[in-house]
Amino acid sequence: MKAIVINNYGGPEVLQLKEVATPSLTAPTQVLVRVRATSVNPLDYQVRRGDYASLFELPLITGHDVAGDVIAVGEAVKNWRPGDKVYYSPRFGGQGSYAEYHLTDESSLSKMPEHLSYEEAAAVPLIGGTVWEMLAVRANLKKGDTILIPGGAGGVGSLAIQVAKTLGAFVYTTGQNILREQLQHLGADIVIDHHQKNYLEEIQALTRGKGVDVMIDTVGGSTLSDSPLALADYGRLVTLVDIARPQNLLRAWEKNATYHFVFTRQSREELHPITRLMEAGQVKPVIDSVYPLEDIKKAHQRMEDAKRDRPLFGKIVLSV
Ligand SMILES: NC(=O)c1ccc[n+]([C@@H]2O[C@H](COP(=O)([O-])OP(=O)(O)OC[C@H]3O[C@@H](n4cnc5c(N)ncnc54)[C@H](OP(=O)(O)O)[C@@H]3O)[C@@H](O)[C@H]2O)c1
């Protein structure tokens, strides 16, 4: 099969298109899937550059989203059969989705919503599970809450805005002015251009010092120590970003804040509610661009290039 293989850690140039052996079933609960589309997540370039080198052996195949067709099932698999359309996030640490075929355990799989294309479906599993875990499970976001979603145009942010609206929240987000209308169309009530303004100070002003009930952190840096500036008393903050350096949480203590740390692993249970929201037409995948798998280097460059001409809006998808 065709696959994108990483032999050495480094920049996009280490992503090499190769012919490798197609995996085959080795356990009764396994399922072989023909990958039709996958997507690019920041986790992919973090793996590519060696951030998780202690967890992998080279050569490796990365990629954390699959939309495709079941090709073969093990003898103990009862709920899936060849021809079923499925989508899922591969288990972290195993073979990834940048390949024509992917072998997984049946417990990973979710049925792909019928109205979605493979490309649309591949934009969802990793971020879908993450967004539900953040907003519903950890932050317990509910009707009437206010939430700040920085990076509203990103993969996580573009889905989080939509889900936060379905949960009844008032949504502040950040995004470049050129994307304002698109972000409002997703459901954002207030858009702050983070390239022009300090969005934490803006939230303070817009809420007259009260702050927001919930904030998510997709940005990192000093967000954990600074975000209590924009958080209401007893506010909840959910962070997705690894903590590169020690953070001073004194202001969080003054706010009686609750901090949650999320590192999504395999997330089928959290994906189910997102599937239902998509089937009900309340949430849609947002696609920035689609590249053929062969153009993987260009796809990674687009995601990592901070000076790109056209800002990112949604997910970068790869058709396989
Ligand atoms: N822990 C987990 O399980 C988990 C799961 C999924 C994602 N993540 C992490 O979450 C982060 C976001 O993922 P993603 O898929 O949404 O990434 P993405 O698609 O690359 O989007 C990032 C967004 O953040 C915005 N941004 C960048 N710097 C910012 C800043 N200082 N202030 C406000 N906005 C800023 C960008 O806007 P501009 O283009 O205008 O700069 C862009 O819209 C990544 O770090 C990823 O690793 C973690």
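## About the model

Keep in mind that this is a predicted model, in which local features need pLDDT of at least 70 and side-chain atom pairs count only at pLDDT 80 or more, while totals for chains, interfaces and linings use all residues. Residues are numbered from 1 along each chain as its sequence is written.

## Around the ligand

Let's begin with the ligand. There are 25 residues around the ligand, and P42, G151, G154, G155 and T264 come nearest. A residue counts as near a molecule if its C-beta atom, placed from the backbone, lies within 6 Å of it. The shell holds 14 nonpolar residues, 11 polar ones and no charged ones. Here Ala, Val, Leu, Ile, Met, Phe, Trp, Tyr, Cys and Pro are nonpolar, Asp, Glu, Lys and Arg are charged, and the others, Gly among them, are polar.

Which helix gives the most to the shell? That is α4, with three residues. Helices α1 (42-48), α3 (125-138) and α4 (155-166) each supply at least two. Helices (H or I, at least four residues) and strands (E, at least two) are DSSP runs, numbered from the N terminus. Domain 1 (2-123 + 285-319) and domain 2 (127-261) each contribute at least three residues to the shell; these bounds come from an automatic or database domain assignment.

## Helix α6 and its two faces

Helix α6 covers residues 199-206, and its residues Y199, L200 and I203 are buried. A residue is buried if 20 or more other C-beta atoms lie within 10 Å of its own, exposed if 12 or fewer, and partly exposed in between, with C-beta atoms placed from the backbone. Why do these three lie on the same side of α6? They cover an arc of only 105° around the axis, taken from the directions from the helix axis to the C-beta atoms. An α-helix has 3.6 residues a turn, so residues three or four places apart point the same way.

On the face turned away from the buried side, you will find the exposed residues E201 and A205. The cover over the buried residues includes β8 (146-149), β9 (170-174) and α7 (223-226). Just after α6, R208 takes a positive phi of about 55°.

S227 sits in the loop between α7 and β12 (231-239). S227 counts as buried because it has 28 C-beta neighbours inside 10 Å. Leaving out residues up to four places away in sequence, S227 touches L200, M215, D217 and L237; contact means C-beta atoms, placed from the backbone, within 7 Å.

E279 belongs to helix α9 (residues 268-279). With 14 C-beta neighbours inside 10 Å, E279 counts as partly exposed.

Terms used. Two residues are in contact if their C-beta atoms, placed from the backbone, lie within 7 Å.
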